[in-house]
Each structure stands twice: as C-alpha cells, then as structure tokens.
Amino acid sequence: MSSQISYERLKRVASGFQESSVLTAAAEMDLFTVILTHENELSAKKLAEILQADVRGITVLLDALAASEYLNKSGVGTQANYAVSEPFMELLDSRSVETYIPMLRHMANLQRAWSQLTWTVKEGAPQTVPPSILGAQEDYNSFLWAMNSVGRVLVKPVVESLQKSGVLDFTKNTIRFLDVGGASGTYTQAFLDVLPDSCGAIFDLPLGILAAKKRFVGTKYESRVEFLEGDFGQDNFPSGFDFAWLGAIIHQYDISETCELFRKVYRALNSGGKIAVRDFIMEENRIRPRDGAFFGVNMLLNTKRGMVYTYKEVRDALRVTGFTEIEYAVPAESMAAIVVARKP
C-alpha cells in the first residue's frame, strides 16, 4: 500500500463520523418526516420554527444533508427550500413501515458511547453516556425498533437458511417455540408464517413485550403468541418448548453467564428439543469476520462483560450445559451465523 493510498484511507476513515453525525442528528429531530408532511418542501426558517430550533443551526445542518444528497435544495439564501431526496423518502420517514429512523437514532446513541472508547479501553469498563435529546426512555424504544429494522432485512434469508440446513423441520408444523429476547416479535412472526400450526412465546423485558403486543394483538397471530415478561439474565423460562431461538443474545454476556442462559434454555426444552444460537461467530484468530471484531468493541463500550465468540467457545458452552449434536449449521460473515444443538 503506497503512502498516498495509506494517507487517503486514514483521512477517509477519520472523517467518517461527520456525515454520520449530520444524518443521525437529523433523525433525532425527525427532520425528514417534518419536511415530508409539508408536501416535501420547507425553508430553513419554517423548519426551525416547527422544530423550535435555531435558524442558523438548522440551515447549516440542512446544507450538509443536501451536500450529502439526502436532501435536494432549490433556490438560494432565505428563499431556498429543501426536499427529501426520492431514493430516501421511505427510509427516512418515521411513519413508514420501512423506516430506518430508529436505527439512525440508535447509532447516534452508540456514537456517544464510542466517543468514550479511549477511556473505556484504559479503565476496562463502559463510561457514563448522556441520553439523547429525546430522553432515555425514547432511546430504549429506538433500540427496540432498530432491531426490528435490522430484523426485517435479515429475517427472510435467516429463516430460509434454517430450512435449508434442516434446523427447523418445516414438514412438522406443530411445535411450540420460545423466542428469547424477541422484542417486537420479528422472528416470532416469521416462524408462525412458515409453521402455520405452531405457537410461540416471546420472553422479554416489559418494553419489549409492549412492542410485541402492538405487533400481534388484534391480528391473526394473536391466539398463537404468548407474551412472557421477564429478564432472561435473571429469570427462568417456563417449560414445554420444542425449539428455542436465541437471536443476537449471547454477545451481551461473558462465557459463564452464557452457560447459565443455556442451562435455563435446556430446562425449558422438551427432550429432543433444539436450541438455535444466532450471532457473530468469530474465526479462531478473532479478527474475522471484520464486522464481528468491531461489534466486539461495541460490547466493550456498552456491556460489563459482553464478547463475541468463536464456534469452539459456543460449542463448549453448549456441551457443558448438557446439549449434544452441536453443529455450526449456518456459517456466515454477519450476525446471521447460527449454531444449533439438541437436548437429549
């Protein structure tokens, strides 16, 4: 790699936070939705009035968004108007089912934590991070719906991979499954769709269960879903399940806590029942997949003992808690990697 190429890479990476910060600030203010609700055309002055924000601040932010092509700008000076660019209209509209706004807000919260990375590395513990302009409660809601945004993209290929790998027998429609930390129920709904005679239970904190009820109550799925409030880090699960889904859960814990969670799942499963663990699965050198290595930094910043794990580490944790027939069933470079095991 030449010196010039190295310089350009460092320059690009070091300044990357700028565009991200502009975009996430706009998401926190729901700026795009406000423009869209006014026939997709607003001046900086009018937008500042609606948002109760400083005109200069809004103008500078709007121009940066237009420079990045998230907005289109027409006119100059105080007569200029701004409109959301057509390719981003649905994704940046908080009213849309396709909205990416919760994930952008979640990324803004992560940015506040990542800005403390040096102190976290030095002290070995997460730093206190202030809430966003929306408040701590809304920040947690952003996290829940951000996971839904990611899930909506991942869920179809993940369920297809479960079918192709034989993890779920789609010819056997009648099972009872447990979705651990299922939040709004993205995967629960997908399982109910492909297993039409089955029923499932979502186990999560009260806010997660509230989001799930908003999804399912009053729909054709309601009679097939149990809503179980609890903290899977502390509480036990009910028993009688044939399948347990742990999607993006174990990275929150150290290996001893992960083993304890596996024990709880083991007790909840019927004999012959399966556990499926979806997460980043690292290579033995722990630097691949690249996204997993960076997610490990995210866990350093946001959890006390969280970690990304290799297949051997996950396998050994499952084995010590009693599971057998352990298999790396769905290899993937993303958080769509899946390890499965069976309760004898």
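How many nonpolar, polar and charged residues does the lining of the second largest pocket have? I will answer that in a moment. Please keep in mind that this is a predicted model.

The pocket first. The second largest pocket holds about 450 Å³ of space. Its lining is made up of 20 residues, and those closest to the pocket centre are Ser94, Ser96, Thr99, Pro102 and Trp145. Two elements each give two or more residues to this lining: helix H6, residues 101-114, and helix H8, residues 136-165. H8 is the one that gives the most, with 8 residues. Now the answer to the opening question: by class, the lining has 7 nonpolar, 7 polar and 6 charged residues.

Next, the sheet. An open sheet is formed by 7 strands, and reading across it the order is S5-S4-S3-S6-S7-S11-S10, with mixed pairing. At the edges are strand S5, residues 225-229, and strand S10, residues 324-330, each of which pairs on one side only. On average, neighbouring strands in this sheet are turned by 20° against each other, if direction is ignored.

Strand S7, residues 269-279, and strand S11, residues 337-342, run antiparallel and are joined by 6 bridges. If you want a place to look in the structure, find Ile275, which stands opposite Ala341 in S11.

Last, which helix lies across S7, S10 and S11? That is helix H13, residues 311-320, and its direction is at about 150° to S10.

Definitions and conventions. Residues are numbered from 1 along each chain as its sequence is written. This is a predicted model: local features need pLDDT of at least 70, side-chain atom pairs count only at pLDDT 80 or more; totals for chains, interfaces and linings use all residues. Side-chain values use heavy atoms; hydrogens and water are left out. On a 1 Å grid over the protein atoms alone, a cavity is a set of points where a 1.4 Å probe fits but cannot get out, and a pocket is an open set with protein on both sides within 12 Å along at least five of seven lines; lining residues have an atom within 4 Å of a point. Grid points are joined across faces, edges and corners, and a volume is the space filled by probe spheres set on the points. Helices (H or I, at least four residues) and strands (E, at least two) are DSSP runs, numbered from the N terminus. Ala, Val, Leu, Ile, Met, Phe, Trp, Tyr, Cys and Pro count as nonpolar, Asp, Glu, Lys and Arg as charged, and the others, Gly among them, as polar. Two strands pair if DSSP finds at least two bridges between them. Axes are lines fitted to C-alpha atoms, for helices over the stretch in contact, and angles run from 0 to 180 degrees between N-to-C directions. Contact means heavy atoms within 4.5 Å.
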